[in-house]
Amino acid sequence: MPPLSAAISVPTARTRTSSSSTKTPSPTTTLSSSTSSSGSPGSPGSPIALHAAHRALAMATARTFARTRRTLLAAAQCAVVMAFIATPFLCFGLGVVLVSAAISALASLSRILAAAPTLVHAVSAAFPIPSVLAPATHDPASPFLEAALHPVHFAVLAFWIAYGFWIARDWHTPTRGGTERLRWIRSWSGWSRLWAPYFPVSMMRCEPLELSRNYIFGMHPHGLYCLGAYSNFVVQHAISTPSAAADHAGPASSLHGYRAMFPGLRLRLATLRINFALPLWRELQLAWGFISVDYKSCRTWLMHGDGDCDSTGAAPLVVPVPDATAIAAKIKPEAHFDSAVDLRSSPTSSNGAFGAEGLVRCESPVSDASQSDGGDTAEASPPPPPPHGAGRTLLICIGGAEESLLTRPKRMDLVLLKRKGFVKLALDTGSSMVPVISFGETELYQQFFPAPGSPVYRVQRWMKKSMGWTFPLVYGRIGMLLPYRHPVTTVVGKAIHVPYTPNPSRDLVEQYHQLYIEKVRELWAEYKDRLAPAGAEMHFVA
């Protein structure tokens, strides 16, 4: 008989084996069970499929947010540009409304004066005090008395009275060098974020300008709304490194406008005097740095600055001239090209104004041979600066309203052959002339040209002759005043130094006028292949 331990041990081993076989499934059983519970690897419930679905959802959400952001940004850009274009019309409409309200207030005041006996009787009835002012007979209360006492009418009337006193005090500011108040309007950060990227806008220069002189910038072309001048000279873009372009002696390009290119040179822009006769609009013009374009006003700014002379314009103020030697020691000889902003999203970046990487491109417009050559006598040995102050710049759109009526795409008609007043002003004040061409200005709008002799044509010419400005019949995107999105690149040429000659002769004015025309032609020929549309032409007209 076998031992009891052996008899017990065998079944125990078998029991453990069977229990282990039931508790520990085989690999085949585990794979089949997991497959049956979770599905195949490509099924919707697998972890790989869930991860891919989550990733696709995240990418779709990111694309939706990016698309929405671009749409909102484009809408904000269009709103800012359209509001800027419509500002004079809005000011005119608001002025009409306020004038109408003031007239209503005056009418209400006259009604109150007419109803004075009724008011006296009402006071006497409320306070029975003997008074000789109470009329013997009186009419019942006037039905319009309550309407005549409307507070809005008198608030508007008070506004016009206060604004009238302000206009009387500030009347001569546009002719005495302008003002620097409300500069925050020009420095608004939205100009860099919304306005500039809409077109987009950029500026190039051929050489830096000395702070020891004054300058007259001749802007070409005028275009329909001078958007090139507004974009690069009026608004002040946000600048991260304001001295980047200014510390280089060669050509430079920048996306930040005049302040980045020529820091230290104070700027004024000249416009028609009638712009300062429209209430509220005149305040915006002064805040943007405009002054009257008449000869005396421009001469006052170039010789005296703003608010530095009395009403007679005598006794010029002598401003200390910056040390040219110290400035030249900081200047670097190489060129500088701004590459901080990517413009690859521009809808028309393929016209050559921007490089292949979407950055502003500006090769040196002057060769070494031309730099070593003396050139014209006036440029080889520039005359000394004028005895009065320096560091001031005046920008004039020389063509004016006459040139706006000639604006059309791929053609630049410059009204310049008979415009010689700015040359006389330059000689009279000793200011250097600087030609400026805004490429792309004529591509922003389409214009309807009425037939000569038609009623519309006669109205435009009458407005131009009587008021100095007119309304071109223009349209842009979707038939509105919103301009087309086209790059606008403003090129500032080399300065033409002139001698300080008070009361210059006609022959001297004609000589420098021809020199200026030649420099404008050279500037166009140098940059037209890169910045102007294919087939664009420039013509000088009287």
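Among contacts in the chain between residues at least 6 apart in sequence, 80% join residues at least 24 apart, where contact means heavy atoms within 4.5 Å. The model is predicted, and its local features need pLDDT of at least 70, side-chain atom pairs count only at pLDDT 80 or more, and totals for chains, interfaces and linings use all residues. Residues are numbered from 1 along each chain as its sequence is written, and side-chain values use heavy atoms, with hydrogens and water left out.

The chain has 18 helices and 13 strands; these are DSSP runs, helices being H or I of at least four residues and strands E of at least two, numbered from the N terminus. Of the 542 residues, 42% count as buried. Buried means under 20% relative accessible area, exposed over 50%, and partly exposed in between, with a 1.4 Å probe and protein chains only.

The largest nonpolar core has 51 residues, and F199, F217, F233, F262, W288 and L395 are those with the most contacts inside it. Such a core is a set of buried Ala, Val, Leu, Ile, Met, Phe, Trp, Tyr and Cys residues joined through side-chain atoms within 4.5 Å. A second, separate core of 40 residues includes I396, L427, M433 and V520. Leaving aside neighbours within four places in sequence, the contacts of F233 include R186, M203, F217, Y258, L395 and V492.

F233 is also one of the buried residues of helix α8.

The loop between β2 (215-220) and α8 holds P221, and a cis peptide bond joins H220 and P221, with omega about -10 degrees. C226 is found in the loop between β2 and α8 as well; its phi is near 55 degrees, a positive value in a residue other than glycine. At 12% relative accessibility, C226 counts as buried. Most residues other than glycine have a negative phi, and most peptide bonds are trans.

A cis peptide bond also joins F199 and P200, with omega about -5 degrees. P200 is placed in the loop between α7 (190-195) and β1 (201-205).

N503, in the loop between β12 (488-492) and α18, has a positive phi of about 50 degrees although it is not a glycine. N503 is exposed, with a relative accessible area of 69%.

Two packed helices are described by the angle between their axes and the distance between the axes. The axes of α16 (residues 421-429) and α18 (residues 506-531) come within 9 Å and cross at roughly 110 degrees. Axes are lines fitted to C-alpha atoms, for helices over the stretch in contact, with angles running from 0 to 180 degrees between N-to-C directions. The two helices are therefore roughly perpendicular to each other, a term that covers 65 to 115 degrees. On the α16 side, F422, V423, K424 and L427 meet L508, V509, Y512, H513 and Y516 of α18. The residues of this contact divide into 7 nonpolar, 1 polar and 1 charged; Ala, Val, Leu, Ile, Met, Phe, Trp, Tyr, Cys and Pro count as nonpolar, Asp, Glu, Lys and Arg as charged, and the others, Gly among them, as polar.

I274 lies in the loop between β4 (266-271) and α10 (281-287). At 32% relative accessibility, I274 counts as partly exposed. Apart from neighbours within four places in sequence, I274 is in contact with M467 and W469. I274 and W469 are 195 residues apart in sequence and 8.9 Å apart in space, C-alpha to C-alpha.

Conventions
Parallel < 35°, antiparallel > 145°, perpendicular 65-115°, else oblique.
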